[in-house]
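Colleague: Could we go through this model together? I would like to begin with the aromatic rings and then turn to the pockets.

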Amino acid sequence: MIEGFAPSGAWRADVIADFARSELFDRTFQEGMDLVEETAGYLDGSGRQESKLLSRSAALAYAAESMRLTTRLMQVASWLLVQRAVREGDMPPESAREERYRLGAEDICRGATVEDLPAGLLMLLDRSERLYERVRHLDRRMYIEETEPEDANPVLSQFGRLQAAFGA
């Protein structure tokens, strides 16, 4: 069981479905898929050339960080594809909360970056980490965090007291 996850009421199908239909989802999905494509192009192209110019220790760091980058992006892409499946009716919101569909590999995806790496890789690492953190926030808000009970509206509360006092 996930720490902080309470099966009774911690997730809300309407919140999941609303997010999947939102403009925020559209933008996040597009950003995620564009970043996956851009990263693949970099790692197969100029990144490969840049890595050949690195010292042995920097090349090892490059390899480790490029694996972290691809893991991070695959986690984000998988999560976004699940949300799209909810949007298109291919998956019920209740299924999207299953652990296997949730954002994972946090211990791998949230590592430190080595500074002696090519600028192109550092830029992709930064952008992917920011995207991962946004998706992580969404994942937690939608699937883990309890909804806090809404406080009574103070104006309506006072109005109710006035009605009771004057017999209205």
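Modeller: The count comes to 3 aromatic pairs, where rings of Phe, Tyr and Trp (its six-membered ring) pair if their centres lie within 6.5 Å, and planes under 30 degrees apart count as stacked, over 60 as edge-to-face and the rest as tilted. Phe19 and Phe25 form an edge-to-face pair, 5.6 Å centre to centre with 80 degrees between the planes. This is a predicted model, in which local features need pLDDT of at least 70 and side-chain atom pairs count only at pLDDT 80 or more, while totals for chains, interfaces and linings use all residues. Residues are numbered from 1 along each chain as its sequence is written, and side-chain values use heavy atoms, with hydrogens and water left out.

Colleague: Is Phe25 buried or exposed?

Modeller: Phe25 is buried, because its relative accessible area is 2% (buried means under 20%, exposed over 50%, partly exposed in between, with a 1.4 Å probe and protein chains only). Phe25 also forms a tilted pair with Phe29, at 5.5 Å centre to centre and 40 degrees between the planes.

Colleague: And why do Phe19 and Phe29 count as buried?

Modeller: Phe19 counts as buried because its relative accessibility is 7%, and Phe29 because its value is 14%.

Colleague: Where do Phe25 and Phe29 lie?

Modeller: Both lie in helix H2 (residues 23-44), 4 residues apart, about one turn of the helix. Helices here are DSSP runs (H or I, at least four residues), numbered from the N terminus. Ring pairs link Phe19, Phe25, Phe29 and Trp79 into a cluster.

Colleague: What is Leu24 in contact with?

Modeller: Leaving aside neighbours within four places in sequence, Leu24 is in contact (heavy atoms within 4.5 Å) with Phe19 and Leu138. Leu24 lies in helix H2 and is partly exposed, with a relative accessible area of 36%.

Colleague: Changing topic, how much space lies in the largest pocket?

Modeller: About 180 Å³, a volume being the space filled by probe spheres set on the grid points. A pocket is an open set of points on a 1 Å grid where a 1.4 Å probe fits, with protein on both sides within 12 Å along at least five of seven lines, and lining residues have an atom within 4 Å of a point.

Colleague: Which residues are closest to its centre?

Modeller: Of the 12 lining residues, these are Leu103, Gly104, Glu106, Asp139 and Arg140. Helix H7 (residues 119-143) gives the most to the lining, with 4 residues.

Technical notes. Helices (H or I, at least four residues) and strands (E, at least two) are DSSP runs, numbered from the N terminus.
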